[in-house]
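Subject: Handing over a structure, with notes on its side-chain contacts

Dear colleague,

I am passing on the structure below, and my notes on its side chains follow it. Please read them with the structure open beside you.

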Amino acid sequence: MIVTIKRNSNPVQIERLTRWIKNLGLECHMSEGEKSTVIGLVGDTSKVDIDLLRSLEIVEAVTRIQEPYKNANRKFHPDDTIVDVKGVKFGGSHFQIIAGPCSIETEKQVIGIAEAVKAAGASVLRGGAFKPRTSPYAFQGLGLKGLEILKKASRETGLPIVTEIMSEKYIDAFADVDIIQIGARNMQNFDLLKAVGKLRKPILLKRGLANTIEEWLMSAEYIMSEGNNEIILCERGIRTFEPYTRNTLDLSAIPLLKEKTHLPIIVDPSHASGLSRLVKPLSLASVGVGADGLMIEVHNDPQHALCDGAQSLRPDQFADVVKAVDVMLPLVNKERDK
């Protein structure tokens with residue numbers, strides 16, 4: 001349920017209203033936007049007398065929310081959420097590019113790539129320390145050692161880092177990670193979602209291999225229900241019957257999510273296609289439909305990469321993508337922080 005407050009209402013009256021709502025056993029979420037102030041009611045709203053609410057002097061309207069996700073709902077929070085990561089802002093008019101290797105292999109490799117992608121325009125460094133792989137015999141990543149290498153690359157370049165967490169038991173080791181990624185395979189690992197929800201740290205939540213938009217938003221709701229609202233959604237393609245690409249990039253999800261949620265949304269064109277030659281056109285298409293950023297895999301030697309070399313760009317190819325993206329951004333009223 002949403003209560004829209006009239007403009008220039010008395011703060012004392014608003015405080016009395018929120019206190020009354022909380023006394024009913026409901027959570028009360030205040031969102032002050034440019035055009036209106038709304039109070040979101042979460043819990044058993046059958047206790048609320050809607051007619052009484054509507055009769056109050058400061059109340060402009062009362063609306064019931066049909067969707068099961070409340071905190072992530074744009075009706076609760078009309079303005080775009082801006083997630084700030086050490087000055088790097090996701091959402092609104094901001095556009096960010098995350099880049100780096102699929103997996104961390106060596107210190108020299110990661111730092112070299114980090115320097116190259118920063119020079120080309122990346123604002124966040126990605127790299128997998130823990131790698132969920134379909135085969136138990138495939139390279140699983142360097143684990144905690146890889147995490148330390150990624151942190152060192154961050155210290156040397158100044159780039160914030162994002163990397164995937166696989167289990168709650170590693171929460172403490174991720175204390176210095178700037179953005180914690182929940183991968184596609186863990187999108188509905190509800191214990192893990194609740195665990196990162198207790199953190200006050202940005203979370204990058206990837207869409208599951210075969211999950212609906214509503215299921216995806218409900219996973220975000222799990223995180224937000226624990227008090228963490230710093231969430232960046234990432235569309236990375238879904239599994240369909242099409243064998244020519246690794247996944248099928250759902251570009252329609254971006255404008256739909258813009259209608260349904262206030263959370264920033266980025267696109268991972270590398271995992272979506274699995275083919276490096278498709279990364280540039282898919283990146284430009286993502287800009288065109290309103291994405292708030294990109295997450296691109298870059299490797300200095302893709303042919304010898306231990307993981308996902310076929311979808312990784314060389315640093316010079318990445319620089320070419322960034323230049324093309326910069327041409328398009330003014331058309332969608334966004335700009336890349338430089």
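I start with Arg-207, which counts as buried at 4% relative accessibility, where buried stands for under 20% relative accessible area, exposed for over 50% and partly exposed for what lies in between, with a 1.4 Å probe and protein chains only. Before going further, please keep in mind that this is a predicted model, in which local features need pLDDT of at least 70 and side-chain atom pairs count only at pLDDT 80 or more, while totals for chains, interfaces and linings use all residues. Residues are numbered from 1 along each chain as its sequence is written, and side-chain values use heavy atoms, with hydrogens and water left out.

Which residue does Arg-207 form a salt bridge with? The partner is Glu-235, and the closest N and O atoms of the two are 2.9 Å apart; a salt bridge here is a side-chain nitrogen of Lys or Arg within 4 Å of a carboxyl oxygen of Asp or Glu. Arg-207 is found in the loop between β11 (203-206) and α6, whereas Glu-235 belongs to strand β12 (residues 231-235), so the bridge ties together parts that are 28 residues apart in sequence. Helices (H or I, at least four residues) and strands (E, at least two) are DSSP runs, numbered from the N terminus. Glu-235 is buried too, with a relative accessible area of 0%, and a network of salt bridges links Arg-207, Glu-235 and Asp-250.

In the whole structure, the search finds 17 salt bridges. One of them joins the side chains of Asp-178 and Lys-86, at 3.0 Å from N to O. This pair links distant parts of the chain, 92 residues apart, with Asp-178 in the loop between β9 (161-164) and β10 (179-182) and Lys-86 in the loop between β5 (83-85) and β6 (88-90). Are these two residues buried or exposed? Asp-178 is buried, at a relative accessible area of 11%, whereas Lys-86 counts as exposed at 63%.

Another salt bridge is formed by Arg-336 with Asp-326, whose closest N and O atoms are 2.6 Å apart. Here Arg-336 sits in strand β15 (residues 335-336) and Asp-326 in helix α10 (residues 315-328), ten residues apart. Arg-336 is buried, with a relative accessible area of 12%, while Asp-326 is partly exposed, with 23%.

Turning to the rings, the search of the whole structure finds three aromatic pairs. Rings of Phe, Tyr and Trp (its six-membered ring) pair if their centres lie within 6.5 Å, and planes under 30 degrees apart count as stacked, over 60 as edge-to-face and the rest as tilted. Phe-190 and Tyr-222 are stacked, because their ring centres are 4.5 Å apart and their planes stand at 20 degrees. The pair connects helix α5 (residues 190-197), which holds Phe-190, with helix α6 (residues 213-225), which holds Tyr-222, and the two residues are 32 residues apart. Phe-190 counts as partly exposed at 32% relative accessibility, and Tyr-222 counts as partly exposed at 31%. Elsewhere, ring pairs link Phe-130, Tyr-170 and Phe-174 into a cluster.

Finally, the cysteines: how many disulfides does the structure hold? It holds zero, a disulfide being a pair of cysteine sulfur atoms within 2.5 Å. Cys-102 is in no disulfide, and the nearest cysteine sulfur, that of Cys-307, is 3.1 Å away. Cys-102 counts as buried at 1% relative accessibility, and Cys-28 counts as buried at 18%.
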